[in-house]
Amino acid sequence: MKVLVTRPIPEPAVERLRAEPATETRMLEEGAALDRAALLDAASEADVIVALLTERMDAELFDRASSLRMVANMAVGFDNVDIAAAEARGIWVTNTPGVLDGATADLALALLLAAARRLPEAERFLRAGRYRRWGPMLLTGQEVHGRTLGILGMGRIGEAVARRAGLGFGMEILYWDERERPDLERELGARRTDLDGLLGAADFVSIHLPLTEGTTGLIGADELARMKPTAVLVNTARGPIVDEEALAAALRSGVIWAAGLDVFEREPEIHPDLLDLDNAVLLPHIASASIPTRLAMAQLAVDNVLALHRGEDPPTPVVRGASRR
Ligand code: DGY
């Protein structure tokens with residue numbers, strides 16, 4: 001079985017691939033996968049691709065990769081994969097759910113705190129030599145504990161955020177999700193609301209939705225206008241869920257207080273207006289980037305590959321492919 005790893009991933013996971021009998025693993029160099037032509041070329045020989053969220057796995061690529069049996073995405077999100085095209089061709093698609101919930105939730109809280117309490121701005125102020133005297137009004141921000149957090153998408157990561165915020169910071173939890181969560185309503189006193197209700201009542205709004213047609217552009221100018229002028233928006237899910245242009249305008253004009261963003265509409269491009277704003281805390285998509293979590297993600301991707309090779313059931317399928325192609 002020929003396995004293509006589109007860019008370097010944690011080595012222990014690659015070693016497991018290399019140690020598997022009757023497999024041949026090829027890893028593209030850092031940067032090479034950014035070149036679409038090189039990716040298509042390499043894919044044409046692959047039986048399995050271990051892909052990252054930066055690589056588009058679409059019909060064009062599947063048609064070039066005539067022996068492809070699986071895309072093992074090293075991410076929980078799989079919006080980089082054309083699911084219908086994979087289904088139509090009997091190609092397995094797997095993702096890495098569960099192993100990154102804690103790290104992603106930790107970072108969502110870090111962004112929430114950093115934006116509310118103006119941490120990057122305060123640090124820039126200090127490093128610029130501007131801290132000459134303590135002052136009662138110096139860099140004051142929003143209170144976090146005891147405030148209301150609205151969670152868009154109460155899946156595994158949303159739940160991990162709710163637990164941290166509810167149990168650790170005594171926050172009131174509202175959530176918007178098609179599924180009711182009676183367990184969290186009991187344990188955390190969480191309340192399910194409609195989107196407008198949540199946006200109007202929350203001091204913090206944290207996004208934990210997959211990117212789909214239905215969630216693209218979900219938070220635009222109208223939705224931002226429904227939020228409190230003291231509110232903070234946090235996005236660790238996918239950039240295109242938020243209209244960045246509208247967000248930058250809302251941050252500049254004080255429609256909302258601040259935003260903490262780990263993801264962007266056109267990554268790695270950042271809207272230039274956001275770069276100019278002190279009340280936008282911006283990170284390069286690192287929510288799951290703890291060393292143990294990235295290793296666990298790589299290992300789970302490889303678990304899926306090895307299961308396919310051994311004729312077993314891949315543990316985390318998104319699309320169940322054909323047994324042979
Ligand atoms: C994912 O897994 O979908 C993240 O965006 C990267 O951890």
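This is a predicted model: local features need pLDDT of at least 70, side-chain atom pairs count only at pLDDT 80 or more; totals for chains, interfaces and linings use all residues.
Let me begin with helix 5 (residues 101–116) and helix 7 (residues 156–169), which pack at an angle of about 55° with their axes 8 Å apart; the axes are lines fitted to C-alpha atoms, for helices over the stretch in contact, and angles run from 0 to 180 degrees between N-to-C directions. Residues are numbered from 1 along each chain as its sequence is written, and side-chain values use heavy atoms, with hydrogens and water left out. Helices (H or I, at least four residues) and strands (E, at least two) are DSSP runs, numbered from the N terminus.

Helix 5 and helix 7 are therefore oblique to each other, given that angles under 35 degrees count as roughly parallel, over 145 as roughly antiparallel, 65 to 115 as roughly perpendicular and the rest as oblique. Their crossing is right-handed, a term used if the near helix is turned clockwise from the far one by less than a right angle. On the helix 5 side the residues include Asp101, Thr104, Ala108 and Leu113, and these belong to a set that meets a helix 7 set including Arg156, Ile157, Arg164 and Phe169, where contact means heavy atoms within 4.5 Å. By class, this contact of helix 5 with helix 7 has 8 nonpolar, 2 polar and 4 charged residues, with Ala, Val, Leu, Ile, Met, Phe, Trp, Tyr, Cys and Pro counted as nonpolar, Asp, Glu, Lys and Arg as charged, and the others, Gly among them, as polar.

A second pair is helix 1 (residues 11–19) and helix 13 (residues 291–309), whose axes come within 8 Å and cross at roughly 15°. Helix 1 and helix 13 are therefore roughly parallel to each other, and helix 1 passes helix 13 in a right-handed crossing. The residues of this contact divide into 8 nonpolar, 1 polar and 2 charged.

Helix 13 is also the place of Asn304, which is buried, with a relative accessible area of 0%; buried means under 20% relative accessible area, exposed over 50%, and partly exposed in between (1.4 Å probe, protein chains only). Leaving aside neighbours within four places in sequence, Asn304 is in contact with Met70, Thr94, Asn95, Pro314, Pro315 and Thr316.

Which loop holds Thr140? Thr140 sits in the loop between helix 6 (119–127) and strand 6 (148–152), where this residue is partly exposed, with a relative accessible area of 41%. Leu139 is found in that loop between helix 6 and strand 6 too, and has a positive phi of about 50° although it is not a glycine.

Finally, the peptide bond from Glu267 to Pro268 is cis, with omega near 0°, and Pro268 is found in the loop between strand 11 and helix 12 (272–275).
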